[in-house]
Amino acid sequence: QVQLVESGGGLVQAGGSLRLSCAASGRTFSRYSMGWFRQAPGKEREFVVGISRSPPNTYYADSVKGRFTISRDNAKNTVYLQMNSLKPEDTAVYYCAAAATSVLTTTWSYWGQGTQVTVSS
């Protein structure tokens, strides 16, 4: 069982930056692929970025490439999402997720409660 807790969301102006964190419980964090998803009002939840177990390869949605960076610190059981050059269309609830399989899976077993990111124009 893995529990995920996101933090770091907030209100930022367009062009600004935010850093999201996702702290995971348990001692097997390094065995999980980690991902960030987001859901905007009236839209379906979408994949943003994922990072594999080892080596920590990363996979980005086209909409965030070059602006967002995912990283993980296995010693701290934490995954981060650095978001730069934010746009109003990045406004959404951001969710952290964990999968015991490949980061390219469509089956993410564990989810956080979400953190709101609002980008004003």
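Hi everyone, let me begin with Y32: at 11% relative accessibility it counts as buried, where buried means under 20% relative accessible area, exposed over 50% and partly exposed in between, using a 1.4 Å probe and protein chains only. Before going on, please keep in mind that this is a predicted model, in which local features need pLDDT of at least 70 and side-chain atom pairs count only at pLDDT 80 or more, while totals for chains, interfaces and linings use all residues. Residues are numbered from 1 along each chain as its sequence is written, and side-chain values use heavy atoms, with hydrogens and water left out.

Back to the rings. Phe, Tyr and Trp rings (for Trp, the six-membered ring) pair if their centres lie within 6.5 Å; planes under 30 degrees apart count as stacked, over 60 as edge-to-face, and the rest as tilted. By this rule there are four aromatic pairs. One of them joins Y32 and Y110, with ring centres 6.0 Å apart and planes at 75°, so the pair is edge-to-face. Y32 sits in the loop between β3 and β4 (33–39), and Y110 is in strand β10 (residues 110–111), 78 residues apart. Strands here are DSSP runs of E with at least two residues, helices are H or I runs with at least four, and both are numbered from the N terminus. Y110 also counts as buried, at 18% relative accessibility.

Next, F37 and W108 form an edge-to-face pair, 5.4 Å centre to centre with 80° between the planes. This pair links distant parts of the chain too: F37 is in strand β4 and W108 in the loop between β9 and β10, 71 residues apart. Both F37 and W108 are buried. Together with F47 and W111, they form one aromatic cluster.

Now for the cysteines. How many disulfides does the structure hold? It holds one, a disulfide being a pair of cysteine sulfur atoms within 2.5 Å. The partners are C22 and C96, with their sulfur atoms 2.1 Å apart. C22 lies in strand β3 (residues 18–24) and C96 in strand β9 (residues 92–99), so the bond ties together parts that are 74 residues apart in sequence. The torsion about the S-S bond of C22 and C96 is about -80°, so this disulfide is left-handed. Are these two cysteines buried or exposed? Both C22 and C96 are buried.

Last, a charge over a ring: the charged end of R19 sits over the ring of Y80, 4.0 Å from its centre. The rule asks for NZ of Lys or CZ of Arg within 6 Å of the ring centre and within 35 degrees of the ring normal.
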